[in-house]
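The sequence and the structure are shown first.

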Amino acid sequence: MTNSRLSRLPPWASRWLGYREHPPKEPPPYIVHLWSFIGAFCGLSVLQAIFGQAQYFIDREVPPILASYGASAVLCYGAIEAPLAQPRALVVGHFISAVSAVCITKLFGLLGPEKFDTLEWLCGALSTAVAIVIMELTNTMHPPAGATALVAAVDKDVRALSWYLLPVILLSSTVVLVTALLFNNIQRRFPVFWLQPIIPPTAESSTDPGVEAKSTRPHQASRSSSLTLGEVP
C-alpha cells in the first residue's frame, strides 16, 4: 500500500493508515511516552482478552499470549518509526518464524519423543536461526519474531498447537497492528511505510549529451579566446 494509493482515500480514512499530506511535526517527549503507554497497555490487554477469555481458544488450549508479542509491543507502540516496527516486518516476520519452527519441530518429532527431548535445545536453536535467515532474505526482519520461533520449538504448550499456531500468530499480529494504527495515529504517525520504505529522490548528474555540450561550451570559448590573445603580438 503506497502513499499514492493512500492519498486517493478520504483524509479521515488515510490518516488512520499513516498517510500525511505533509511531514508531521515531532511531538513533545511526554506525548510520545503517553501514547506508548496507552498503546502497549491497551494492545496487550486486547490480545490477552481474546485468547484468555474466549471459550473458543480456551477449548483449544491456546496460551493467553506469546511472550514474543511483549517485545513487539516495544517496537509497534514505542519505536514506531523504526523499520523493524513496520507492518510488513511485524506480520510476515512472526508468520515466517512460526512456519519455520513448526516445520522443524515436525521433522525432529519423527525421531520419537525420547530422542526429541534430548535434542530439544537443537530444535529451538535451529528454528530460530532458520527464521532469521528467511527474514533477512525476505527483508522482513522483526527481532521479536525470533522469540516466536524459539518458543514454538521449546515450549510444550505452544508446540502442542502444531499447525494451529499459524492462525493464532496471524490473529495476534493483526490485533497488534490494528491497535497500533488506532493509538499511534492520534497524535503521532504509524506506519512510516507499509511494504517498502519511501526513498527520497537524490540529485544525479545529467547524462544528457546536450546538457554536457552546453556546459562545456563556455570552457571551450574561454580557452579559444585565451589562445587567440596569446597569439597577438
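## Backbone sites in the loops

N139 is exposed, with a relative accessible area of 53%, where exposed means over 50%, buried under 20% and partly exposed in between (1.4 Å probe, protein chains only). N139 is found in the loop that joins α8 and α9, and its phi is near 55 degrees, a positive value in a residue other than glycine. S162, in the loop between α10 (156-159) and α11, likewise has a phi near 55 degrees, but S162 is buried, at a relative accessible area of 18%.

A further backbone feature is the cis peptide bond from F190 to P191, with omega near 0 degrees; P191 belongs to the loop between α11 and α12 (209-231). As background, most residues other than glycine have a negative phi, and most peptide bonds are trans.

## Basis of the model and overall make-up

This is a predicted model, in which local features need pLDDT of at least 70 and side-chain atom pairs count only at pLDDT 80 or more, whereas totals for chains, interfaces and linings use all residues. Residues are numbered from 1 along each chain as its sequence is written, and side-chain values use heavy atoms, with hydrogens and water left out.

The protein has 12 helices and 0 strands, these being DSSP runs numbered from the N terminus (helices H or I, at least four residues; strands E, at least two). Of its 233 residues, 36% count as buried. Among contacts (heavy atoms within 4.5 Å) with a separation of 6 or more, 74% come from residues 24 or more positions apart.

## Packing of α3 and α5

Helix α3 (residues 29-53) packs with helix α5 (residues 68-78) at an angle of about 140 degrees, and their axes are 9 Å apart; the axes are lines fitted to C-alpha atoms over the stretch in contact, and angles run from 0 to 180 degrees between N-to-C directions. On the α3 side the contact is made by S36, G39, A40, G43, L44 and L47, and on the α5 side by Y69, A73, Y77 and G78. By class, these comprise 6 nonpolar, 4 polar and no charged residues, with Ala, Val, Leu, Ile, Met, Phe, Trp, Tyr, Cys and Pro taken as nonpolar, Asp, Glu, Lys and Arg as charged, and the others, Gly among them, as polar.

A40, which lies in α3, is partly exposed, with a relative accessible area of 22%.

## Nonpolar cores

A nonpolar core is a set of buried Ala, Val, Leu, Ile, Met, Phe, Trp, Tyr and Cys residues joined through side-chain atoms within 4.5 Å. In the largest one, of 33 residues, L165 and V176 touch the most other members. The helices α3, α5, α6 (87-109), α9 (143-154) and α11 (165-184) each supply at least two residues of this core, and α11 gives the most, with 9 residues.

Leaving aside residues up to four places away in sequence, V176 touches L47, Y69, C76, Y77 and L90. Another core, of 6 residues, lies apart from the largest one and includes I104, F108, F116 and A153.

S127 lies in helix α8 (residues 120-138) and counts as buried because its relative accessibility is 0%. Its side chain reaches the backbone oxygen of C123 at 2.8 Å. Beyond residues up to four places away in sequence, S127 touches S100, A101, I104, A149 and A153.

How values were computed: A polar contact is a pair of N or O atoms within 3.5 Å; within protein, one must be able to donate a hydrogen and the other to accept it, and residues adjacent in sequence count only if both atoms are side-chain atoms.
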